[in-house]
Amino acid sequence: MGETKQEADRVMSQAIIEFLILNIPILGTLKDNELMVIETYLNFIELTPGEIVFEEGDPGDYVCFVVEGSLDVLKRSETGEDIVISTLSKGRSIGEMSVIDDLPRSASVKARTKATLLTLSRENFDYILAEHSKIGVKILKGIARLLCLNSVSYTHLTLPTSCVQCRWGGWAWE
């Protein structure tokens, strides 16, 4: 019985690693062995449609990676109405800054469909930075890259000469 559980755990671990490699741009420069380290610090969350992931103003202490399903990102208008400003699907992340700063969440996130998320808490990220600093720095560069790309128009983007193409087809700084 123990071997069956170990085999199931190994298969699940390999599936998580493959998902991270193929779908999460923030982690695009990590090697397989580095992803194996990260995988041990991730948690799964299963959501039903309409379920709230977090509310605007909540303390932020984890980043989410969408494994399947879709999430709506909502901002409250001056009239108090929630407005969908983005819909995130498989491979997208939300709450990246929460593992870096102590600011409250800048938007609410709600499951549009049944969804599965992987989360990385600030506590686990801090541990990765302390114990696996090279991996932590690569993740920080991935977050910086994502924030940079989100803040500029792709039509005006000039890539620095130190950029390399990642496995998922995007770009990263070496």
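How does Tyr 127 count by relative accessibility: buried, partly exposed or exposed? Tyr 127 counts as partly exposed, at 39%. The views below come from a predicted model.

**View 1. Tyr 41 and Tyr 127 form a tilted aromatic pair.** The count of aromatic pairs comes to two. In the pair of Tyr 41 and Tyr 127, the ring centres lie 5.6 Å apart. The planes meet at 45 degrees, so the pair is tilted: planes under 30 degrees apart would count as stacked, and over 60 as edge-to-face.

**View 2. Phe 54 and Tyr 62 pair edge-to-face.** Their centres are 6.2 Å apart. Their planes stand at 75 degrees to each other. Phe 54 is buried, at 6% relative accessibility. Tyr 62 is buried too, at 19%.

**View 3. Arg 105 lies over the rings of Phe 54 and Tyr 62.** Over the face of Phe 54, Arg 105 is 3.8 Å from the ring centre. The charged end of Arg 105 also sits over the ring of Tyr 62, at 4.6 Å from its centre. These two rings are the partners of the edge-to-face pair.

Methods. Residues numbered from 1 in each chain as written. Predicted model: local features only at pLDDT ≥ 70, side-chain atom pairs only at ≥ 80, totals over all residues. Heavy atoms only, no water. Phe/Tyr/Trp six-rings, centres within 6.5 Å; stacked < 30°, edge-to-face > 60°. Buried < 20%, exposed > 50% of the residue type's maximum accessible area, 1.4 Å probe, protein only. Lys NZ or Arg CZ within 6 Å of the ring centre and 35° of its normal.
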